[in-house]
Amino acid sequence: MYTEVKELVNFVCRYMFGRVPRRATGIFAAELGNCLVAQFSSSWDIKNPRNGQMERMIFIKCGADGSSKCFEGCAAESGLRADEVLENMPTQLRIFANPGLLFYRATENGVDVPIWKGDVNTDSHYQPIPEHIVRTASRKADSCSNLGGAGKPVLLNKKFPIDDLAVLELVNNMYIPLALEKCDEINSNLSHIREKYPFLFTFKPTSAQTYSGIEFSQTRFGSSKSRQDLQTMVGIKQLVNSNQNNSYCDQIIDTSIYSNY
């Protein structure tokens with residue numbers, strides 16, 4: 001389910017690029033992903049993908065029904081207002097999530113337009129970047145992904161003579177990388193979900209860097225400059241002193257030789 005939710009969240013968040021701060025968008029994406037995992041878990045069945053489909057529908061600005069409640073809570077968690085998020089979204093949009101298939105309808109009785117299609121067991125090789133970005137080298141991505149339906153990419157002060165939408169999105173970082181981290185939180189209300197879905201989405205921007213204990217031990221107070229090897233420095237100092245002493249002895253010998261003449 002993690003792969004399907006990641007693709008769904010990236011489809012939604014592409015409407016926010018260039019309009020909402022990137023960090024807030026990333027945090028919102030992770031919160032929305034975790035909310036949807038909890039919402040979909042009770043009806044998710046890879047053996048019968050269409051079962052409970054209506055329970056896994058999220059709707060956006062659908063007349064009197066408004067929008068799914070998840071948007072308000074996830075927006076608040078990311079420091080945004082719900083209207084800041086929803087004002088960038090199209091109206092009458094309904095998105096459905098099934099194992100191995102995502103699609104949307106632009107109207108209540110509209111046709112099913114595919115967003116993503118893949119294997120129901122894709123989570124076995126989960127990766128944080130959306131699949132349409134991973135497949136940038138191939139134009140065949142259009143046959144299995146309709147993420148372009150969310151609109152054109154935003155090019156900020158750059159022009160690229162490339163007509164491949166996925167390539168443009170990759171160059172402009174028009175996606176939200178969502179990593180998975182094991183959840184250690186103890187919550188009796190979510191224990192039944194965590195047994196089957198033990199991971200949480202986290203926003204991992206490309207600029208984020210993590211360091212292990214070994215890497216940190218090679219630095220001075222966490223700086224990126226490597227610490228000098230003490231033994232090597234001692235060896236160099238001894239070698240220099242040795243050369244200086246030899247040079248001084250040679251000078252004394254030369255002086256004594258010339259003094260005899």
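Predicted model: local features only at pLDDT ≥ 70, side-chain atom pairs only at ≥ 80, totals over all residues.

Reader: What is the mean pLDDT of the protein chain, and where is confidence lowest and highest?

Author: The term pLDDT denotes the predictor's confidence in each residue, from 0 to 100. For the protein chain the mean is 76, and 60% of residues reach 70 or more. Confidence is highest in strand β2 (residues 93-98), at a mean of 96, and lowest in helix α8 (residues 213-217), at 47. Over residues 148-161 the pLDDT is below 50, and this stretch has 22 contacts in the model beyond near neighbours in sequence; contact means heavy atoms within 4.5 Å. Residues 214-222 also have pLDDT under 50, with eleven contacts beyond four places in sequence.

Reader: How many helices and strands does the protein chain have?

Author: Helices (H or I, at least four residues) and strands (E, at least two) are DSSP runs, numbered from the N terminus. The protein chain has nine helices and six strands. Of its 261 residues, 38% are buried, where buried means under 20% relative accessible area, exposed over 50%, and partly exposed in between (1.4 Å probe, protein chains only). Among contacts in the protein chain with a separation of 6 or more, 63% join residues 24 or more positions apart.

Reader: How is the packing of two helices to be read?

Author: Two packed helices are described by the angle between their axes and the distance between the axes. Axes are lines fitted to C-alpha atoms, for helices over the stretch in contact, and angles run from 0 to 180 degrees between N-to-C directions. Helix α1 (residues 2-13) packs on α2 at about 135 degrees, with the axes 9 Å apart. The two are therefore oblique to each other; angles under 35 degrees count as roughly parallel, over 145 as roughly antiparallel, 65 to 115 as roughly perpendicular and the rest as oblique. The crossing of α1 and α2 is right-handed, a crossing being left-handed if the near helix is turned anticlockwise from the far one by less than a right angle, and right-handed if clockwise.

Reader: Which residues make the contact between α1 and α2?

Author: From α1 the contributors include Val5, Leu8 and Val12, and from α2 they include Thr25, Phe28 and Leu32. By class, this contact has twelve nonpolar, two polar and no charged residues. Here Ala, Val, Leu, Ile, Met, Phe, Trp, Tyr, Cys and Pro count as nonpolar, Asp, Glu, Lys and Arg as charged, and the others, Gly among them, as polar.

Reader: At what angle do α2 and α3 pack, and how far apart are their axes?

Author: Helix α2 (residues 22-40) and helix α3 (residues 70-77) pack at about 140 degrees, with axes 8 Å apart. That angle makes α2 oblique to α3, and their crossing is right-handed. Ile27, Glu31 and Cys35 are among the α2 residues in the contact, and Phe71, Cys74 and Glu77 are among those of α3. The contact of α2 with α3 has nine nonpolar, no polar and two charged residues.

Reader: Is threonine 25 buried or exposed, and which residues does threonine 25 contact?

Author: Threonine 25, in helix α2, is buried, with a relative accessible area of 0%. Beyond four places in sequence, threonine 25 is in contact with Cys13, Met16, Phe17, Val20 and Ile176. Its C-alpha atom lies 8.8 Å from that of valine 85, 60 residues away along the chain.

Reader: Where do methionine 57 and threonine 202 lie?

Author: Methionine 57 is in strand β1 and is buried at 16% relative accessible area. Its contacts beyond four places in sequence include Gln39, Arg94 and Phe96. Threonine 202 belongs to strand β6 (residues 199-203) and counts as buried at 18%. Ala30, Pro177 and Glu181 are among the residues that threonine 202 touches beyond four places in sequence.

Reader: What is the phi of lysine 61, and what is that of glutamine 92?

Author: Lysine 61 has a positive phi of about 50 degrees although it is not a glycine. Lysine 61 is in the loop between β1 (57-60) and α3, and is partly exposed at 27% relative accessibility. Glutamine 92, likewise not a glycine, has a positive phi near 55 degrees. Glutamine 92 is found in the loop between α4 (82-86) and β2, and counts as partly exposed at 28%.

Notes: Residues numbered from 1 in each chain as written. Heavy atoms only, no water.
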